[in-house]
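Subject: Structure for your review, with notes

Dear colleague,

I am handing over the structure below, followed by an account of what was found in it. Please read the notes with the coordinates open beside them.

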Amino acid sequence: MALRCATPEDAGRNVADRPAPAFDEMHADGGIRPPYLEIARFLEAGGQAALEQKRREAEVLFRRIGVTFAVYTEGGDPERLIPFDVIPRILSRMEWERLSQGLEQRVRALNAFLADVYGPQEIIKAGRIPADLVLRNEGYLPQMVGFTPPGGVYTVISGIDLVRTGPDQFYVLEDNCRTPSGVSYMLENREAMLRLFPEAFTRHRIAPVSHYPEELLETLKSIAPSSCQGEPCVVVLTPGPYNSAYYEHSFLADEMGVELVEGADLFVRDKVVYMRTTAGPRRVDVIYRRIDDEYLDPEAFRPDSALGVAGLMEAYRAGNVALANAPGAGIADDKAVYPFVPEMVRFYLKEEPILQNVPTFMCEREADREHVLANLDKLVVKLARGSGGYGMLVGPHATEEQRAEFADRIRARPGDYIAQPTLALSTVPTLCEGKVASRHVDLRPFILFGRSIRMVPGGLTRVALREGSLVVNSSQGGGTKDTWVLDDPPKPGQAQSAGPRGLAQTMDGMTQSMPPLPPLPDAANDPGRGFR
Amino acid sequence: MLSRTADSLFWLGRYSERAGNVARGLGATLRMALLAEPADGAEREWRALMVAAGCEHGFRERHEAAAHEAAIHWLTLDPANPSGIAASVESARRNARSVRTALTVDMWEAINDTWLEFRRLDSGAIKGDRLPGFLDWVKSRTLLFNGAAADTMLRDDAWRFTQLGTILERADNTARLLDSRHGAFAPDVSADAACYAHWQAVLRSVGALRAYQHVYHARLDPRRVAELLLMRTELPRSLLSCYARVERTLQTIANANGGNPGECQRLAGALHAKLRFGRLDSILDGGLHGFLTGIIDENITLGQEIAARYLNGKNA
């Protein structure tokens, strides 16, 4: 097959060949944007050789601590470092406040949607989303119908991937409602920066992130089932050391001071979950599971799963244990469901969405399909459903034959495909081969939802290290950056040192009272609207 | 503590100790092989060491003669030898990684740095003049790990299970090394130069040549060498010292885990008593080989009973 393949996570990041001039988060209209004023001076003073030295120190640091992700499919070192870039990505407090409100709103809507589709299914009855799209989706688990998880929360931990195209233009690229990873990099990146650049920290007021594990533990405790007596026993369930995110699993368990268990460490007796300890069985109340739904319980899902715990779903449904995230939460982050999230916000919360979706064409609909077929050279086409198939077409990169082949596929099975325009992701200066150059970034904030919604400011910034590349995935040459949310607003004195015009515009944009983000031009946005 | 965590700590202790023990044994054997008079003397030495390390069978399947280079490679860098240094380092690190959170940073770095450096070794690292340096390095890494554990671990079950693995492996090693030269300890043996070399080699392989002089202030003598390795409390690698610690550690673990001591505690007590109250004369008269194989077998059973009681999670 001549088509380019990628994982679902890549979808949407493989965008245009020559993207429109991307928004530079540090430089705008000949000046430095306010959040970057101090770091720009700092970089200028230090020079690139010093940065390269720091980069090498960081690598030694990460290798020693053992912050690696495992890649067992290719040759070479099985435990690799995700490249870490020493130049931070900086957001102002105002930018973050606005994002965090949008994130909270989105996560509330996604949870309301989950409670609804496994319950009364009002949104389907109201005709706001096609029934088949939900009920026949691979991510929809019949085992969850009619059951309310402890606390009524499905997505206890979510990661929402955001991209930026301008001073005020943030788009949600993807919701991750199953087991989003990367938070350990967010925390370790900050620790590394504190060790490498203590001076830079004295010159900024950077919102701390290191309390994330405490927030996570509090959140997990807060969803303990009502049957739990006394202090809840929380565990992290991992597939084991060969999982690519194992470092993160052990890191989080360690930081929270709870046991890191594998499936074989747990067993179910009389619908109660226990772990095997040297002092005999010990009851478990809350499981932060980092294994997929289908491997969770061989009795309920895949019978050949050796990673899960037999009888876990029965114990869960009996209300004797809480699972984070709830099984079946994946229906909310399905690619075909994604276009309907803004509609969920309106339907459940009676609010206008603060964060916009990337405009998405659904090939199932005739008007969209015709547009897609006529513009294949400009669009990214992806498989819509489930995560079984990874085929995608990056129009601008594809050959004439590839586009023709894909057009045939779309005509044959239109319901399987969605398409999105290519986006010019924002850039941040990045150290590449000893030189500072612009590279595209995205942002994955983590949202905790227990009795209340908690977030630590910022998230994980991923950066595409290859020139011109929009692929930020670690498996495809992506790296990470520390993400700073500055606590103090830029001072007027500093503002004047930046390019006057650009700054004035930026400042204006930020001080507005949070208007809904403007949609992209030429968009078949929000297919949920008007759907019948 | 999770049974699996206890299991990994136990084997981490065993494998780390094993790497150091193989290095010590190899150093002593290397000396013997170099000094060996007849042509087949060196080969006998290498075979004896491999028997002691429990990897002679695997070697025989791959090599016809126990040539110097082949034997050294098998015991050091060959990952196919489960009792060799390479596999021990790999297994120690694998176990450490799966219980990363139960270790202190210093312990993890001791193990992880060893593993990282080991992966960078070229095959020349064990050739010729570089071999002694390599063996010293392995020994020092095991000492560093033991020191990191002793100096930084909380005195909780994590410490106890790591200790338990370390000491059990050490007892096994002392018994096997002594057994591999049991011929030199027969009651009717003549004190010729060859036997003298064997006694020296046994002491050297557990790092106790100096210790012997400090305890006895006398020429090497088979009874005393045997006594030192079997039942002197002063020597931390003697079987008595090891089993005293095993029994004490198991008692503390039982107290911390509900009080039921289990079969492993009884076995450890019996082994300890055998060495504490046994008479050296009757052991030597009855045959050192028979006595030591008995100990080695009981040590295996003890390991299985510890697993059944604490490590495999079937104690529900």
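In chain A, β11(A) is joined by 4 bridges to strand β12 (residues 280–283), and these two strands run antiparallel; strands here are DSSP runs of E with at least two residues, helices are DSSP runs of H or I with at least four, and both are numbered from the N terminus, while two strands pair if DSSP finds at least two bridges between them. Before going further, please note that this is a predicted model, in which local features need pLDDT of at least 70 and side-chain atom pairs count only at pLDDT 80 or more, whereas totals for chains, interfaces and linings use all residues. Residues are numbered from 1 along each chain as its sequence is written, and chains are lettered from A and ligands numbered from 1 in the order in which they are written.

To stay with this part of chain A, Met275(A) has Arg282(A) in β12(A) as its bridge partner, and β11(A) and β12(A) form a hairpin with 2 residues between them. On the other hand, β11(A) is also joined by 4 bridges to strand β10 (residues 266–269) of chain A, again in an antiparallel arrangement, and here Arg269(A) stands opposite Val272(A). β10(A) and β11(A) likewise form a hairpin with 2 residues between them, and in its turn Asp270(A) has a positive phi of about 50°. Strand β11 (residues 272–277) has 5 of its 6 residues buried, so it is largely enclosed by the rest of the structure; a residue is buried if 20 or more other C-beta atoms lie within 10 Å of its own, exposed if 12 or fewer, and partly exposed in between, with C-beta atoms placed from the backbone.

Chain A as a whole contains 15 helices and 25 strands, and buried residues make up 51% of its 532 residues. Among its contacts between residues at least 6 apart in sequence, 73% join residues at least 24 apart, where a contact requires that the C-beta atoms of two residues, placed from the backbone, lie within 7 Å. The C-alpha atoms of Arg56(A) and Gly146(A), which are 90 residues apart along the chain, are separated by 54 Å.

Two further sheets of chain A deserve a mention. One is an open sheet of 4 strands in the order β9-β8-β13-β14, with parallel pairing, and its edge strands, each pairing on one side only, are β9 (259–261) and β14 (322–324). Within it, strand β8 (residues 234–237) and β9(A) pair in the parallel sense over 3 bridges, with Leu237(A) opposite Val261(A). Helix α9 (residues 246–256) of chain A packs on this sheet, touching β8 and β9, and its direction makes about 150° with that of β9(A); axes are lines fitted to C-alpha atoms, for helices over the stretch in contact, and angles run from 0 to 180 degrees between N-to-C directions. The other is an open sheet of 4 strands in the order β16-β19-β17-β18, with antiparallel pairing, and its edge strands are β16 (361–362) and β18 (392–394).

Turning to chain B, the axes of α9(B) and helix α11 (residues 222–231) come within 10 Å and cross at roughly 15°. These two helices are therefore roughly parallel to each other, a description used for angles under 35 degrees, with over 145 counting as roughly antiparallel, 65 to 115 as roughly perpendicular and the rest as oblique. Their contact is made by Trp199(B), Val202(B) and Leu203(B) of α9(B) and by Pro222(B), Val225(B) and Leu229(B) of α11(B). α1(B), for its part, packs with helix α9 (residues 193–205) of chain B at an angle of about 155°, with their axes 8 Å apart, and α1(B) and α9(B) are therefore roughly antiparallel to each other.

Finally, as regards the interface, 19 residues of chain B are in contact with 18 residues of chain A. On the side of chain B that touches chain A, α1 (3–35), α5 (85–98) and α6 (105–120) of chain B each supply at least two residues.

With best regards
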